Amino acid sequence: MQFTTITSPHSDRPNSVSRTMLLVILALIPGAAAMIWYFGWGILINMLLASFTAVVCEAIALRLRKRPIVPVIGDFSAVLTALLFAVAVPPLLPWWLTVIGIAFAILLVKQIYGGLGYNPFNPAMAAYVLLLVSYPVQMTSWLPPEMLNEHPLTLLQSAMVIFTGTLPGGLSWDALTMATPLDSMFTQLDQSKMVSEILMSPLWGDFGGRGWEWVGNWYLLGGLFLLYKRIISWHIPVSMLGSLLFFAMLFHFLDQEAYPFGMFHIFTGGTILGAFFIATDPVSACTTKKGQLVYGACIGLMVFVIRTWGGYPDAVAFAVLLLNMAAPTIDYYTQPRTFGHQGARRD
Amino acid sequence: MSHVNQQKQKHPLHRFNGGLHLPENKALSLTLPLQKAAIPKQLTVPLQQHIGEMAEPLVKVGDQVLKGQMLAKPQGYISAPVHAPSSGTVVAIDLLPIPHPSGLPAPCVVIETDGKDTWGELLEPMPDYMHIDLSLLRERIRNAGIVGLGGAAFPSSVKLTPGLDNPIHTLIINGAECEPYITCDDLLMQTEAERILSGITIIRRLVGAEKCLVGVEDNKPEAISALKQAVAEHQLSWISVITIPTLYPSGGEKQLIKVLTGKEVPSGSIPAKIGMICHNVTTAYAIAQAVIEGKPLISRYVTITGHGVVQPKNLDVLIGTPVAELIQQAGGYTDRVYKLIMGGPMMGFALATDEVPITKASNCLLAADKNESPDPEPALACIRCGQCAAACPANLLPQQMYWYARAKDLEKVQEYNLFDCIECGCCSHVCPSHIPLVQYFRFAKTESWAQEKEQRAAERARQRHEAQLARKARLEAERKARIGQKKEALKKPVTTKASSDGGEDPKKAAIAAALKRAAEKKAALAESGVTPKNQEDLTEGQKRAIKQVNERRAVHEKDTTTSEEQGE
């Protein structure tokens, strides 16, 4: 009897790229749902629009590159990029900015380098930064969280704003939007207000901005799920949050009124999302365990530095992109000691 | 016994990086009692079932052979003989398919069995092995054709001759059997614990180890208790049977040593370097059989398993039995059979056909269905998730090695310690992109070897070329020197030539000396009244002829010297 011969191992492989991406998408659901709850339907519309755009762009790029389309679309990496982008941008971002951002992410950041696995930068964050520096007003027009929002928009109204720019009757952008807690903290600190004074505002909850802190909690839940499923390892989230917390607490300890407390940094802005979902993007991050610790710690430090002394309110995207550039070098210098060797390889 | 047990519990265990918890699937074939496989009509015994030189046949077609008779003798130091697994007639010595990843045929002796299974003359049993000379024991192990039965098939007698540089203090016995599905070592430990201990005792004597650690994975509780009981009964306090956690690949030699002792065998080296030696339980058993009973290695336990056979089981199989016959004895194939693997699912190799024999190193036949061993999905791009590195028991970075292996940058892939890869398959197993990483690494190793060989050949060619150039230069220099000498000679006045000739030319001087010696001899002979024999009774004509020749010679000699000189 004749049989097929393939080289070992002959086992059934438990993992696949699409399973990995689907699990990350699954882990994103609690946080994304919380965002829809607190910030309205715009988030959902953005997620759908971004996903659609991403798939179309990916298909076009694959067609141009003469690569098989279905298996690559089926790995869900483009959808994941789109979702991460959609939860990072303001809920009422004009549709064409979402389209530009995603097209940039998929075509120029990902496919032009050779597609999934070859992109040196995190596509979602590159797109976010592109839009932030090009359209700072639109990219910082956040809505207030549900409990502070006097004019909650319906699904239809949100869609109208996003696709036509028409605001519901009688409302102006100023009435509709509100600075994010992170933005408001550092803007007011720049105006020489004291931390305790700033925290008097109803914007603040227990750790961070009201609503925002709960979104952070839900992302954390998703992140723990990813750790449990071993989709990500603990190294990057722990070192990133740890170093951010360390520097925040250190400066807070030195001057309580000029630097907000440690937990503030963790539970505002995109810190938790960044730590578990963005910095852990395997393609653009470090791959050695020691390297991941260095990588995460550097991102934490950069986040603190940019937030505290930089010109932009949130810093996760910038910090991640900066460290993406350093990742190959960090990897090179943090190789593990191979079994039976005296020390790690050094040239 | 409780004392012994307590001691075992305390033994500290260590961890290697990564490893996998795989579905074990061992229960499938773990059934007792153990049966003997039927004697097949034909036995195909490959001449090379071991690492090293191929054995040299001692029989020819038509010979009657008896069970246990040596069919082929070892050639060279690293080699092993093969024996007739049963009695019968040699019907062919030919190139036949053997179980090898290459699928290439190799020389085999084919025996048509007579069904009587008559033993030939056994080697002399040595039940008194504790007092037999060590060299005799080694010779016995060599003559019995014992090779490492854990898979490598390295001749055991060689391994049991440790050098003086590395005294052995610890003997490691490998009963881990970490590959899924395989249960033959487990059953052997359960049924032949005492013989295994005798084997261990013999090995210990040969290598001079103080203590012995037997590592068995905790999924084999019966084997562990059988061994522990035997150890306690015989009060072998120097043997510790140690339960290690089930984690693939704990049964890898270097990994097992790490787990049991915390020590790492240096890269590119052997355990003897750190004073240890590792043998498989089955090898220990075979050694005991050879020494105590005088039985050569002609059979072994084989696991026949998977969802592709009707009745998975273990059989005591004669070496040379065709795989197809064993499958028949396990109830035949099921409809679902898809692949036939020799060895385990992680490191075994797929057989193209079941018309190959069982060899000394064959421990398992896995007839897998499509669920157990599906065709790999098409490989996608590496997403650098690092799961491979997390799983790698050698603590390598497969994601980086893959990158360079793909680019055929052999230098770079070697820098990432390619040759520390044990090809256990963990990286390929966990890869979400289904990249056949092990295959890339095998390719890179083969290419590196080929390149090295090429480089060596090129180096040899270069040396030869340089030697040739040097020789040419030397000859040219010598020629020039000769010419120079002759020119010098020519510059001197012709009148001095005659007197200087004999002195300057060593050849002529030698001739002159010889002539002188001959003349002296002649004179001496003449003095004593003896004349040269061949000059007696010469006719007048002959004497005249000799005289003429002598005259001609004198003239000719003069001519040649002149012409030589003129030629310059």
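Mentor: Gladly, and please keep in mind that this is a predicted model, in which local features need pLDDT of at least 70, side-chain atom pairs count only at pLDDT 80 or more, and totals for chains, interfaces and linings use all residues. Residues are numbered from 1 along each chain as its sequence is written, while chains are lettered from A and ligands numbered from 1 in the order in which they are written.

Trainee: OK, what kind of peptide bond links Ser8(A) to Pro9(A)?

Mentor: That bond is cis, with omega near -5°, and Pro9(A) sits in the segment before α1 (17–39) of chain A. Helices (H or I, at least four residues) and strands (E, at least two) are DSSP runs, numbered from the N terminus.

Trainee: And in chain B, which residues does a cis peptide bond join?

Mentor: Tyr248(B) and Pro249(B) are joined that way, with omega about -5°, and Pro249(B) belongs to the loop between β11 (239–244) and α7 (253–261) of chain B.

Trainee: Switching to phi, what is the value at Tyr181(B)?

Mentor: Phi of Tyr181(B) is positive, about 75°, although this residue is not a glycine. Tyr181(B) is part of the loop between β9 (170–175) and α4 (184–191) of chain B.

Trainee: Is Tyr181(B) buried or exposed?

Mentor: Tyr181(B) counts as buried because it has 28 C-beta neighbours inside 10 Å; the cut-offs are 20 or more other C-beta atoms within 10 Å for buried, 12 or fewer for exposed, and partly exposed in between, with C-beta atoms placed from the backbone.

Trainee: What about phi of Asn417(B)?

Mentor: Asn417(B), a residue other than glycine, has a positive phi near 65°, and is found in the loop between α12 (410–415) and α13 (426–430) of chain B. Asn417(B) is buried, with 22 other C-beta atoms within 10 Å.
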